[in-house]
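Here's a quick walk through how two chains are put together, written for someone who likes to know the cut-offs. Have a look at the model first.

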Amino acid sequence: MSGEDTPPEAGTLYDQARWTDDGGYEPLLTETGSTEVAVGDDSPLPDDLTRDSLELPDLAEPELARHYTRLSQMNYGVDSGPFPLGSCTMKYNPKFTEQVAALPETAVHPDRSAGSVQGTLELQAELQDYLARIGGMDAVTLQPPAGAAGEFTGIRIAAAYHEANGDDRTEVVIPDSAHGTNFATAAMAGFDVVELPSAEDGRVDLEALEAAVGDDTAALMLTNPNTLGLFERDIEAVAEVVHDAGGLLYYDGANLNALLGRARPGDMGFDVMHYNVHKTFATPHGGGGPGAGPVGVTAELAEFLPTPHVRLQADESGYERYEPAKSIGKVHGFSGNWLVLVRAFAYIARLGDAGLADASARAVLNANYLASQIDYEVPYGPFHHEFVASAGDQDAADAAKRMLDYGVHPPTTKWPEIVDEALMTEPTEAEGKGSLDDLAAAFDAVAAEDDATLEAAPERTAARRIDQVNAAREPRLSWHSLED
Amino acid sequence: MTRRTRGSPYAPGDADDTAAMLDAVGVDGVEGLFDIPDPVRFDGEFGIEPRSERDTRRLVERTLGRNDELTEFMGRGHYDHYVPALVDDLASRQEFLTSYTQYQPEVAQGFLQALFEYQSMLVELTGLGVANCSMYDAATALGEAATLSQRVRSVSGDRILVPDQLREGKREVLGAYADGPDLPVESYPTAEGTVDTEGLADALDDDVSMVYAENPTVCGAIEPELDTVGDLADDHEALFVLGSDPIALALLERPADVGADVVVGEASALGAGTAYGMGTGLFATREDFLRQVPGRLVGVGEDATGRRAFTLTLQTREQHIRKERATSNICTNQALMALRTAIHVATLGPDGLVDLAGDCVTLARDLAARLDEVSGLRAPVNDRHHFREFQAHTDQPAAAVAADLESEGFAVHVVGDHRIQVCVTDANEPAVDRFVDAIAEVA
């Protein structure tokens, strides 16, 4: 099939490994070998407690090694090439943090007595402290297992705070440019969502905000810099409006990589925030997770944090777990994604003040430099760690597919909606100038191509364009559904 | 090229590059790029000293080294099984590890196929038609099942019934998810560590939207009357949600055969090992509820060459499209952990997995029998078959027994004034003789 390819004319070229088999790519495990075994026969249990049979793939280790190696070759990661997926902060994941997370000392059971896991508790307390300092917060919980879980935790804390004050508040206000998780979180926590239209300049519209908040407002959820990469310059006025109405200010930490050492949510008037450690603190994204979403709060809200919380004992003889006085309870069965948190601790301890500040400086410089080098229009500004270009007359999703042929994982597409045919681009600090120049060349090459070429893309990836509409029409979600 | 000696070691570029880039952007220095008003600009320090890679590693080693080295006989929802080297090796490949959600399926076929295979394994293990790519852990998967019960048209009512012995952490997380939609969570009684079916029947009425049970239960007991639980839930048009894990599912009654509508649990029983409670939420349900499923789903499609290819599908359920009307707020999940579970299942194969499950029964049975012979102990407390773990009565106060065991180098659960819980798997089995000797000393 690749014989029909029209080779791209500029930028770095890319051919992804492609293993093909009859009618597909790498065969499914079951297509290589599968065995159905009877379960009841040799079982140590009476028949009525067991299932009858089980059919699973039955391959030898060398066959499995080859299967998963081939699958990995048909998958693109940060180490493969540039990954400027806006709002996801796909930065380089230091290899040593993998080794640190694999230390045998990390492998303890969560129900161990506090006295027997002092090292684990100390590392938790130290990371809580690091994150509090970085965010300008007074107390931090590590329990939420992802950013959206952090949002859920933070909004539940806001709800508990209002309830403790005898204050019945039913609404959460969210700008239209916010991450989809914000809206879904507020709804899950039982609030009505009030969507706030952006101002002409892409930021919060103060007048609209004043009109939207009131006695029913539990919180405003805000990302700063926002998804256009713009710092909310009026943040002090925003905080005042929300606080005067009796609401709390929630900080979505997805874009914190823009601000390390330059500004802290706590200093801007935010009462509660989450950190995305898989974004800001370089833990691997793992093909979709696991991440971690610690939540920081002001002193006033500390008594609502999830249980157990970890602290230094009053006599400083060791660390202890305790239940905060008005705790919202638990948001994860145990203590969250511990091995992700260990990696984040190692990253912060490695970089220190200077490294963290430099990471943000390079991330912001890279975004600004890349924006200055591409032919696509970039509305709004000045931006920080990311920018949203417009594909103009092109379909942003098609342009993105073509970028794959140039060895670039494309930006987030068609979002935020306030930019037409949006290409939301976040190069992170992981790219050097040469790589950014290649990226710009790829963007420009795609910008110059016609619709037919874009619609035929990608050509050089393992699979060609996949028909997602058809896949959703008659969903086939397991190998059982492929049997005739 | 001069390497920068200060700053992030993970950000390329030298002074000349920086100067050229600043020039192109049209600013004098990097600080000029930060559009931050003075009153909220941060001029302080975090007070975190940078360290070399070696020193950072030593810091973590030294800190975690303050943990006592205990051999754990612990479970109650977080399990340790030997993880084959193949799992670590393959799941550590950067193409998997450093990738993200498969928004561009053409360049992410590998992970998509691996997740499709994971979904398929769970479909086989549960007998239910749909499994998602993972939730955070068993507790959050249970919470998602509760909200699902409100979106399913065949279900009326809003009360959620859970066993009185449910692990507190799970109950609290369920409570958090149930709080928004205002669903009351109530307990039904258990007897001998499993469902008291008469008690459940008394607690049930048509206002109940969901009945939750576990197999094995939190105390390791195997449910003898699961089909009755399923029938009772069915009689009242309530969802029957069953908690389990992929090892137990390989041996115990197939959830679809006992009328389960949803299966939740810890997929991390395979592929993960002990990780201070970090888990992988298993979530499977009937095909009828497909469009109400939370989380990501991988489906089969075709590419432009007509070849079979994989893609995320039915994304209109999800937050990035449906916003406040999404089935869940979940975005980042536990994909890499799901990959690890799938590789572990594949490494074991059907015989290996069923054998491992059988060992979970015999190891617990044998250890309980040995503890029962120890003066001052009675085990198992519950007159049931057990899986991995069981409870034991201690004549001495249980807390004292557990504390003394710690000084002998072992950790167990204290679950009552005179009751401990003990978990045994292929991971700690080699230490069983020493454990029995130690507990005989202290009991």
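What follows covers the domains, then a helix in chain A, then a sheet in chain B.

This is a predicted model, so local features need pLDDT of at least 70 and side-chain atom pairs count only at pLDDT 80 or more, while totals for chains, interfaces and linings use all residues. Residues are numbered from 1 along each chain as its sequence is written, and chains are lettered from A, with ligands numbered from 1, in the order in which they are written.

**Domains**

Domain bounds here come from an automatic or database domain assignment. Chain A gets domain 1 (19-75), domain 2 (96-350) and domain 3 (352-471). Chain B gets domain 1 (71-82 + 350-442) and domain 2 (85-342).

| Domain pair | Distance between C-alpha centres |
|---|---|
| domain 2 and domain 3 of chain A | 29 Å |
| domain 1 and domain 2 of chain B | 28 Å |

Contact means that the C-beta atoms of two residues, placed from the backbone, lie within 7 Å. In chain B, domain 1 puts 25 residues into the contact and domain 2 puts in 22 residues. On the domain 1 side, helix 12 (335-372) and strand 14 (389-394) of chain B each supply at least two residues, and helix 12 of chain B has the largest share, 7 residues. Helices (H or I, at least four residues) and strands (E, at least two) are DSSP runs, numbered from the N terminus.

**Helix 8 of chain A**

Which residues of helix 8 (235-244) of chain A are buried? They are A:I235, A:V238, A:A239, A:V241 and A:V242. Because they cover an arc of only 165° around the axis, they sit on the same side of helix 8 of chain A. Buried means 20 or more other C-beta atoms within 10 Å of a residue's own, with C-beta atoms placed from the backbone, and the arc is that of the directions from the helix axis to the C-beta atoms. Their cover includes helix 7 (206-212), strand 6 (217-223) and strand 7 (248-252) of chain A. Just after helix 8 of chain A, A:G246 takes a positive phi of about 90°.

**The sheet in chain B**

Here 4 strands of chain B make an open, antiparallel sheet in the order 13-14-17-16; strands pair if DSSP finds at least two bridges between them. Strand 13 (377-378) and strand 16 (413-416) of chain B are the edges, each pairing on one side only. Strand 16 and strand 17 (419-423) of chain B share 3 bridges, and B:G416 stands opposite B:R419.

Technical notes
Buried ≥ 20, exposed ≤ 12 C-beta atoms within 10 Å, placed from the backbone.
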